[in-house]
Amino acid sequence: MIPMIGQYHASAAGAWAFGVLNGKALFFIRDGASVAGTKIINDGQWHHIAVSIRSGIVYLYVDGALEAQATWGVTPSYNGNIQVGYNAAVESVSNYRDWE
């Protein structure tokens with residue numbers, strides 16, 4: 001997976017990452033599971049990607065359409081900085097907004 005944003009705690013349950021795998025959107029929670037889209041998004045066009053977690057079910061949307069969903073028993077961690085980009089040299093994001 002090529003991560004784009006996440007909280008990459010090396011060993012903590014609930015660490016999460018969002019990125020691209022095999023040209024498709026992927027959301028991963030450590031010790032949980034992953035949910036992958038079906039639409040190719042590395043096609044040179046802009047795409048809107050969203051993840052929603054409600055009542056233990058993760059929903060992955062691409063361009064406003066539900067692409068995949070999965071039931072998880074692990075809640076994503078919200079502790080620490082959110083990292084943007086692939087390597088540790090990229091700055092962390094300390095402020096973000098979580099719309100519910």
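Two strands are taken to pair if DSSP finds at least two bridges between them. The views below all show a predicted model.

**View 1. The open sheet formed by S5, S6 and S7.** Three strands make up this open sheet: its 3 strands follow the order S5-S6-S7 and pair in antiparallel fashion. S5 and S7 are the edge strands, each pairing on one side only. On average, neighbouring strands of the sheet are turned by 20° against each other, direction ignored.

View 2. Strand S6 (residues 57-62) and strand S7 (residues 65-71) run antiparallel and are joined by 6 bridges. Val 58 has Ala 70 in S7 as its bridge partner, and Val 62 stands opposite Ala 65 in S7. The hairpin of S6 and S7 has 2 residues between the strands, and in this hairpin Asp 63 adopts a positive phi near 50°.

View 3. Ser 52 is placed in strand S5, which spans residues 49-54. The relative accessible area of Ser 52 is 18%, and the residue is therefore classed as buried, the cut-off being under 20%. The side chain of Ser 52 forms a polar contact of 2.6 Å with the side chain of Arg 54. When neighbours within four places in sequence are left aside, Ser 52 is in contact with Ile 57, Val 58, Tyr 59 and Tyr 61.

**View 4. The largest nonpolar core and the contacts of Val 35.** The largest nonpolar core contains 15 residues, of which Ala 25, Phe 27, Val 35 and Trp 72 touch the most other members. Two or more residues of this core come from each of strand S2 (16-21), strand S3 (24-29), S6 and S7. Not counting residues up to four places away in sequence, Val 35 touches Ala 25, Leu 26 and Phe 27, together with Val 58 and Leu 60, and also Ala 68, Gln 69, Ala 70 and Trp 72. Among these contacts of Val 35 are Val 58 and Ala 70, the residues that form a bridge pair between S6 and S7 in View 2.

**View 5. Asn 22 in the loop between S2 and S3.** Asn 22 belongs to the loop between S2 and S3. With a relative accessible area of 66%, Asn 22 is classed as exposed, because the cut-off for that class is over 50%. Asn 22 and Ile 40 are 18 residues apart along the chain, and their C-alpha atoms are separated by 8.2 Å.

Conventions
Residues are numbered from 1 along each chain as its sequence is written. This is a predicted model: local features need pLDDT of at least 70, side-chain atom pairs count only at pLDDT 80 or more; totals for chains, interfaces and linings use all residues. Side-chain values use heavy atoms; hydrogens and water are left out. Helices (H or I, at least four residues) and strands (E, at least two) are DSSP runs, numbered from the N terminus. Buried means under 20% relative accessible area, exposed over 50%, partly exposed in between (1.4 Å probe, protein chains only). A polar contact is a pair of N or O atoms within 3.5 Å; within protein, one must be able to donate a hydrogen and the other to accept it, and residues adjacent in sequence count only if both atoms are side-chain atoms. Contact means heavy atoms within 4.5 Å. A nonpolar core is a set of buried Ala, Val, Leu, Ile, Met, Phe, Trp, Tyr and Cys residues joined through side-chain atoms within 4.5 Å. Axes are lines fitted to C-alpha atoms, for helices over the stretch in contact, and angles run from 0 to 180 degrees between N-to-C directions.
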